[in-house]
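User: Could you take a close look at one part of this model for me, the salt bridges, and then show me what else sits on the surface? I'm new to this, so please spell out the terms.

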Amino acid sequence: MLLHFSPASSTSPPSPSSFTSNYFLHRLSISRPPYLEFPLKPRTHLFKPTSPPVSYSTKTKLLYPSANRADFRSYALPGFDFGSVESVLEAAGVLTAIIVVHETGHFLAAYLQGIRVSKFAVGFGPILAKFNANDVEYSIRAFPLGGFVGFPDNDPDSDIPDDDANLLKNRPILDRVIVISAGVVANIIFAYAIIFTQVLSVGLPVQEPFSGVLVPDVRPFSAASRDGLLPGDVILAINGIQLPETGPRVVSQVVDVIKKNPKRNVFLKVERGKQDFEIGVTPDENVDGTGKIGVQLSPNIKITKLRPNNIFEAFNYAGKEFWGLTYNVLDSLKQTFMNFSQSASKVSGPVAIIAVGAEVARSTVDGLYEFAALLNLNLAVINLLPLPALDGGSLALVLLEAARGGRKLPLELEQRIMSSGIMFVLLLGLFLIVRDTLNLEFIKDLL
């Protein structure tokens, strides 16, 4: 959820008189055929004490049918679908709740300090529904690119005197810093609250690794389906090469061989129940010349639930999970900047995020808890970046003012900086919506 200043009215161009939230982030994508996997990264969360540490993917979807749980820390996204209406609504509800929490943070930080607020909106553009209370307009708007809290500071229609002490722009630097930072703080608190609720209600997943690669799903009429591979099979070896216990390359090792052998037989040693046998699979050819067999792959991991015995253990488990997720988000963001040319395509908008959330929601409820917590942390961290149109950019301008001894930048310059950033974010949002929509499975089938 990128945070920035937004328009004071529904039709005017963006201005630095309100805080807004957008949710474009490096991709939480979903593995689809050929279900590409990327190098795994160590997870810092809870593990079964008797088992060796499990490497976790920051760019891969992991499905665990035996525990009916999905890991969605991040995913590869050649294409994705929305699934059932119920799961889509659940994912959209999570995203909307995160937006509302973020904007509520800004709103309360201003309201409790006596700062004038004029608007509270979820979405941008034309108003679909609204009501007024205590001189604040609350609205739901047409375009789901985030939301904003509006201030009357630069609203030409406002009858509040320009020198009013309770306008945001006239408040001391510390007051403004609190308002700008409150959205991010609200998301961080919300993330911890979600994890704590998960610990108390359903428990935390603990993972025990086994050798091979699990096949959670086989697409109908795919190469794998034609040649006899079934959901629940475990691939122990490929072309005579034994696969190790779950590790950084176990899934990508299988994917690499499949991609390199379109229309050529690939021999898989498969465990089904208590029997081991070989299956020859001939990958179909993708439009880019790589092979695909139409299966979902994940590390072969057994999931159990860890539940606290008392409230102190609950806080301990929630804290470890919180810091583990935070580390993953920070590390993933670092990798994005260090390998930007390869990572730029892994930025997702609301369509892709809802698609991922819908997939998680179809898997299990406790997966949805972690999806919501991860999304909160991801958006909080990104919004702290010192870029125009983000909360971090607004904070940077206020800190620059402090460094200049309280002298503000010229208003026109500040508006140009923020408006250019907002325009970029809006154009990026529209691009992502179009691109991610075209990646939906049913759209790809139509095309």
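Analyst: Let's go through the salt bridges, then a surface patch, and then what the UniProt record says.

A quick heads-up: this is a predicted model, in which local features need pLDDT of at least 70 and side-chain atom pairs count only at pLDDT 80 or more, while totals for chains, interfaces and linings use all residues. Residues are numbered from 1 along each chain as its sequence is written, and side-chain values use heavy atoms, with hydrogens and water left out.

A salt bridge here is a side-chain nitrogen of Lys or Arg within 4 Å of a carboxyl oxygen of Asp or Glu. That rule gives 11 salt bridges. One of them pairs Arg116 with Asp164, with the closest N and O atoms 3.1 Å apart. This pair ties together distant parts of the chain, 48 residues apart: Arg116 sits in the loop between α1 (85–111) and β8 (119–133), and Asp164 in the loop between β9 (136–150) and α2 (173–201). (Helices are DSSP runs of H or I with at least four residues, strands are runs of E with at least two, and both are numbered from the N terminus.)

How covered up are the two partners? Buried means under 20% relative accessible area, exposed means over 50%, and partly exposed is in between, using a 1.4 Å probe and protein chains only. Arg116 is partly exposed at 34%, whereas Asp164 is buried at 13%.

Next, Lys169 and Asp162 form a salt bridge with an N to O distance of 2.5 Å, and Asp162 is exposed at 54%. Arg171 pairs up with Asp175 at 3.3 Å, N to O. Here Arg171 is buried at 14%, and Asp175 is buried too, at 15%.

Now for the surface. Leu200, Ile311, Phe312 and Phe315 make up a nonpolar patch with about 440 Å² of accessible area together. Patch residues have over 30% relative accessible area and no salt bridge; like charges are joined within 9 Å, and nonpolar side chains (Val, Leu, Ile, Met, Phe, Trp, Tyr) within 5 Å. The areas come from the Shrake-Rupley method with a 1.4 Å probe, and for residues only the protein chains shown count as cover. Helix α5 (residues 311–338) gives the most to this patch, three residues. Ile311 belongs to that helix and is partly exposed at 42%.

Finally, an unreviewed UniProt entry places "transmembrane region" at residues 177–200 and 417–434; such annotations may be inferred rather than shown by experiment. In the model, residues 177–200 are 100% helix, with end C-alpha atoms 34 Å apart. Residues 417–434 are 100% helix as well, with their end C-alpha atoms 26 Å apart.
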